[in-house]
Amino acid sequence: MLDGASTKMGETTRRGSAANPLADRTILLVDDEPANIRHVREGLSEHGYRFREANDGTEALRSLREVRPDLIIMDVEMPRLGGVEVCRIIKANGGEGGFGFIPIILVTARQAAGKVEGLELGADDYLVKPFDMLELSARVKSMLRLKVLQDAVVEKNRELDHKNRELDRANKELAQKREELLALTRTDALTSLHNRRYFEERLTEEFARSTRYRSPLSLVMMDIDHFKRLNDTYGHPFGDEVLRMVARTVRGRLREVDFVARYGGEEIIALLPETGPKDAMGACERVREAIASIQLEHRGQDGTRRPVQVTASLGVASVPAKSIPTMEELLRAADTCLYEAKGAGRNCVRQYQGE
């Protein structure tokens, strides 16, 4: 009985489809009286609609799970499950994950009974039996147009959601690429430490913050001892490996908040926020000892192996200090201490002693 159109009716459907843009839309007819279903079906058949049938509300819901009709024409009073109850269930599950939007025309033999309730529950239209078939046809077309528009809105929203997700994904990828590019512009390619330009940006920020809040800030300059001799003796590839090893060692002995950069050649520089002279000296000694304990070995072309000792000299200065009023003075003080460490025999730390 469900969806059982006759051959003649099928021919009428195909003839009507050419003239009616709403042809081939599916209408679910729900009534416990087969004669009423037949009457509505015959009255609308010339328009080319497809029909499914159900004899009560329970059967209607079962049919809904099999196919999503474009319109439901349903009697109010039926055994087991009436039209108002079915309407309540359908509209309560009208989200995209449920039945979606399905317009409902409720039909009753009683003049006003249940009309307000049906409309309040979400019925989209209401007809009283006996009704004029032309009026029903006009209301059906109106409801199907509403369904077409609603489906178009839903589809457009899906497209927009998809495009928004694609745009979000593209924006995230772009942001990641920008971060990667920014990291490359701030990173020294050989040691993977920050580069000098980015260090100078951070030094400006940290020095301004230290000046504003009178918070301690220490700057460390360190230089690998006799680096030119290492390069001349063992070659530049080995010198590069020494630089990489020292950079990893320095980074590993300082805190996450400390900022370490390659300042130029074999020179490494570090900013230690919230660090006064005493703690800065302790950090420098840890770094110096760690560098001196690095185990390096040079392998000659003839296969011979030779251990290589690496040490570093360090100079450190801290602010606030009356004798260091500017960022340039802080750099100069640390650099002076570095050369004092080299002059003292290297592999040692010298600290600025000004007030």
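**A friendly note on pockets, a cavity and cysteines**

1. A cavity here is a set of points on a 1 Å grid over the protein atoms alone where a 1.4 Å probe fits but cannot get out, and lining residues have an atom within 4 Å of a point. Grid points are joined across faces, edges and corners, and a volume is the space filled by probe spheres set on the points. The whole structure has one cavity of 30 Å³ or more.

2. Before going on, please keep in mind that this is a predicted model, in which local features need pLDDT of at least 70, side-chain atom pairs count only at pLDDT 80 or more, and totals for chains, interfaces and linings use all residues. Residues are numbered from 1 along each chain as its sequence is written, and side-chain values use heavy atoms, with hydrogens and water left out.

3. How is the largest cavity lined? Its lining consists of V220, M222, L254, A270, L272, A283, C284, V287 and L314. By class there are nine nonpolar, no polar and no charged residues (Ala, Val, Leu, Ile, Met, Phe, Trp, Tyr, Cys and Pro count as nonpolar, Asp, Glu, Lys and Arg as charged, and the others, Gly among them, as polar). The largest share, three residues, belongs to α10; β6 (217-224), β8 (267-273) and α10 (277-292) each give at least two. Helices (H or I, at least four residues) and strands (E, at least two) are DSSP runs, numbered from the N terminus.

4. On to the pockets (open sets of grid points with protein on both sides within 12 Å along at least five of seven lines). The largest pocket holds about 260 Å³. Of its 16 lining residues, F99, G100, F101, D151 and V154 lie nearest the centre, and the lining splits into five nonpolar, five polar and six charged residues.

5. The second largest pocket has a volume of about 190 Å³. Its lining has 14 residues, with D31, N36, V40, K129 and F131 closest to the centre. Nine of the lining residues are nonpolar, two polar and three charged. Helix α2 provides the largest share, four residues.

6. Now the cysteines. The structure has zero disulfides (pairs of cysteine sulfur atoms within 2.5 Å). For C337, the nearest cysteine sulfur belongs to C284, 9.8 Å away. Why does C337 count as buried? Because its relative accessibility is 3%, and buried means under 20% relative accessible area, exposed over 50%, partly exposed in between (1.4 Å probe, protein chains only).

7. Finally, confidence: the mean pLDDT (the predictor's confidence in each residue, from 0 to 100) of the protein chain is 88. Residues 1-18 fall below 50. Where pLDDT is low, the predicted coordinates should not be read in detail.

Terms used:
Contact = heavy atoms within 4.5 Å.
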